[in-house]
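Work through the two exercises below with the model open. Each task is followed by a stepwise solution.

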Amino acid sequence: MPIDFARADQGDTTNLRIAGTLDVLTAPGLASTIEQIVEERRPKVVVDLSGLDLIDSSGVAALVALYKRVRAVGGQVQVTGARDQPLAIFKLLRMDKVFLL
Amino acid sequence: MDPRTIRMTAPCSLRHRALAVRLVAEACRLVRGERSGDDLAAGYDVRDPFDVAVVSAFAEIYNNVALHACAGLVDPQIELAIAATPDGITVEMTDPGRRFDPESVRSPDLDALPEGGMGLHIARAMLDVVDYEPGPPNLWRLSKRRVAAVDPPVVATRTA
């Protein structure tokens, strides 16, 4: 399943839903969305990964970039819903504690 | 040649990555005694911890081979040989690309939230064996044993 992502703003919160596969092929497709979120200095970004089936290190790098860049401009990032293979990768890389999964 | 070995030859490119990953994922199901291909239309089914480990590791190694070893070559091909038994899986992947020195790769500093250099770390952490023999052709050998589920003990009960 290719990547499927959608952004929805509600007040100060930006909800970013990512589903399917986030990997070396699909992660670049998120770049412009991440760029917009950072440029707009969104105060809170909630990333919903409940529909994410697979992730690789390139996908993790995209999420880390989002996390670092949003926080660098004073925002917060919350990651929710990770399960199965993506959750195993986050735990292996000790990012479950960073993302508060 | 072991007639039970699963083999595939494909262009060494990211475009064919999903095909190779899918093959490995289906081979994992054979290891676990499930029938492969029953629900291909449903997409990936990578939930079992064994499958998670093998598929995650293989995908990272494939990325490195396609992106780095085979970059710039004309029509390079990889060859996959998968031995799937109830005891585990071994995936051998050969490529005609540039040599690589795995020892030159440092473990990532996870506390620094790295944005790269995690692929080989993931593979090594997930598998029992990650071997590399420089070529040409270069050979990656990835193995993981399967720990079979233990049946719960039978508890005798006495009735009055």
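**Exercise 1. Describe the contact between chain A and chain B in this predicted model.**

Step 1. Count the residues. Chain A brings 23 residues into contact with 23 residues of chain B.

Step 2. Take the area. The two chains bury about 2,100 Å² between them, with 70% of it on carbon and sulfur atoms. Of the area that chain A buries against chain B, 23% is supplied by A:Leu54, A:Leu92 and A:Leu93, more than any other three residues.

Step 3. List the polar links. Nine residue pairs are in polar contact between the chains, both at pLDDT 80 or more. The salt bridges between chain A and chain B number four. One of the salt bridges joins the side chains of A:Lys68 and B:Glu115, at 3.5 Å from N to O.

Step 4. Assign the elements. On the chain A side, helix H2 (57–72), helix H3 (84–92) and helix H4 (95–98) each give two or more residues. H2(A) has the largest share, seven residues.

Step 5. Sort by class. The chain A side holds 15 nonpolar, three polar and five charged residues.

**Exercise 2. Characterise helix H1 (residues 17–31) of chain B.**

Step 1. Check the span. H1(B) has 15 residues and reaches 21 Å from first to last C-alpha, close to the 21 Å expected at 1.5 Å a residue.

Step 2. Find the buried residues. They include B:Val21, B:Val24 and B:Cys28, and also the charged B:Arg17, B:Glu26 and B:Arg29.

Step 3. Find the cover. Strand S1 (6–11), helix H2 (49–69), strand S2 (77–85) and strand S3 (88–95) of chain B are among what covers these buried residues.

Step 4. Look past the end. B:Gly33 follows H1(B), with a positive phi near 85°.

Methods:
Residues are numbered from 1 along each chain as its sequence is written. Chains are lettered from A and ligands numbered from 1 in the order in which they are written. Side-chain values use heavy atoms; hydrogens and water are left out. Contact means heavy atoms within 4.5 Å. Buried area is the accessible area (1.4 Å probe) that two parts lose on being put together, summed over both. A polar contact is a pair of N or O atoms within 3.5 Å; within protein, one must be able to donate a hydrogen and the other to accept it, and residues adjacent in sequence count only if both atoms are side-chain atoms. Helices (H or I, at least four residues) and strands (E, at least two) are DSSP runs, numbered from the N terminus. The expected span of a helix is 1.5 Å times one less than its number of residues. Buried means under 20% relative accessible area, exposed over 50%, partly exposed in between (1.4 Å probe, protein chains only).
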